[in-house]
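This report describes a structure in terms of its metal site, its helix packing and selected residues. The sequence and the model are shown first.

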Amino acid sequence: MKKASQSKNAAGGIILLTAFASIGYAILRYHLLGPVPWKDLAFFTLNKGVALCAFILLTFNFSFGPLYNLGMKIPDSYLNARKALGMSGFLLALIHVLMSFLLFKPEVYTQFFGGDETLSLVGGLSMLGGVIAFVVLWGYNLSFQTHLRDDEKFIQFITSRNFLLTAMLFSLIHVFFMGYSGWLRPNDWHGGLPPISLISFVFFLCMYVINLFGRK
Ligand code: HEM
């Protein structure tokens, strides 16, 4: 890996643009073209935009290095941005988790619950994936902020290809089980726009393939 010049950092621009696009997409799909009432903008819809933004920033964080290894021209300012993108992605995921806990009721998320108002198998699998993905992300961040960063063997393990490729699968489980039934019914997509879970899935697939071939 080349040593990137430390002076340039594109993190601010990438984060702003991704947040604008993700939240804008959620507003367009659910309010302007969909049936969700505007009173739900501040929490229900924003939660979707924040989740998408977190997801995309994390895929950027994990992909820039491997893309560079694959011979792609990645500017120094993007390589320098990785730490801030990872931390912002993690903090936005934390906001998404807290908002989801407050919203989590059968009346709001019918797709996760069965007739007896307990979690269905598919809802349970999706939430399990989300909880484990979040804890892994938390652990990953902590290892660079605490004395664990001095433990060379541990850092080697947590940044290894095998660990990351396995850990990433939990976020796939989260978005796949919550969304796959709707992905197959494009006629029901609000304004013909694909669901946020499907967009996240596509970002995930790109990141996974890039890491599979580009991470050492
Ligand atoms: C404790 C952990 C988590 C819980 C309880 C949780 C909960 C939820 C819930 C309830 C939804 C449905 C939102 C909706 O349809 O309005 C959702 C969607 C989503 N979550 Fe999570 N989540 C967790 C962790 C994560 C993590 C770590 C990420 C990665 C950044 C993430 C990314 C997403 C994405 C991209 C969606 C799709 C939003 C949509 O399709 O509308 N979640 N999550």
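## The iron site

The iron atom of the ligand has two protein donors, H96 (NE2) and H174 (NE2), which lie 2.0 Å from it. Donors are N, O and S atoms within 2.8 Å of the metal (3.2 Å for Na, K and Ca); water is not among the atoms, so sites may look incomplete. Ideal angles for six octahedral donors are 90 or 180 degrees.

H96 belongs to helix 4 (residues 82-103) and H174 to helix 7 (residues 161-183), so the pair ties together parts that are 78 residues apart in sequence. Helices are DSSP runs (H or I, at least four residues), numbered from the N terminus. H96 is buried, at a relative accessible area of 18%, and H174 is buried as well, at 16%. Buried means under 20% relative accessible area, exposed over 50%, and partly exposed in between (1.4 Å probe, protein chains only).

## Basis of the model

The model is predicted: local features need pLDDT of at least 70, side-chain atom pairs count only at pLDDT 80 or more, and totals for chains, interfaces and linings use all residues. Residues are numbered from 1 along each chain as its sequence is written, and side-chain values use heavy atoms, with hydrogens and water left out.

## Helix 4 and helix 2

Helix 2 and helix 4 pack with their axes 8 Å apart, at an angle of about 150°. Axes are lines fitted to C-alpha atoms, for helices over the stretch in contact, and angles run from 0 to 180 degrees between N-to-C directions. The two helices are therefore roughly antiparallel; angles under 35 degrees count as roughly parallel, over 145 as roughly antiparallel, 65 to 115 as roughly perpendicular and the rest as oblique. The crossing of helix 2 and helix 4 is left-handed, a term for a near helix turned anticlockwise from the far one by less than a right angle, with right-handed used if clockwise.

V97, in helix 4, is buried at 18% relative accessibility, and its C-alpha atom is 8.6 Å from that of A51, 46 residues away along the chain. I95, also in helix 4, is partly exposed, with a relative accessible area of 39%. Between I95 and V50, 45 residues apart in sequence, the C-alpha distance is 7.6 Å.

## Other helix pairs

Helix 1 (residues 11-32) and helix 2 (residues 41-69) have axes that come within 8 Å and cross at roughly 140°. That angle makes helix 1 oblique to helix 2, and their crossing is right-handed. Residues meeting across this pair include I14, T18 and Y30 in helix 1 and L41, L52 and F64 in helix 2, where contact means heavy atoms within 4.5 Å.

Helix 5 (residues 121-145) packs against helix 7 at an angle of about 145°, with the axes 7 Å apart, in a left-handed crossing. Among the contacting residues are V122, G129 and Y140 of helix 5, and F163, H174 and Y180 of helix 7.

## A loop residue

E117 is placed in the loop between helix 4 and helix 5. E117 has a phi near 65°, a positive value in a residue other than glycine, and is exposed, with a relative accessible area of 54%.
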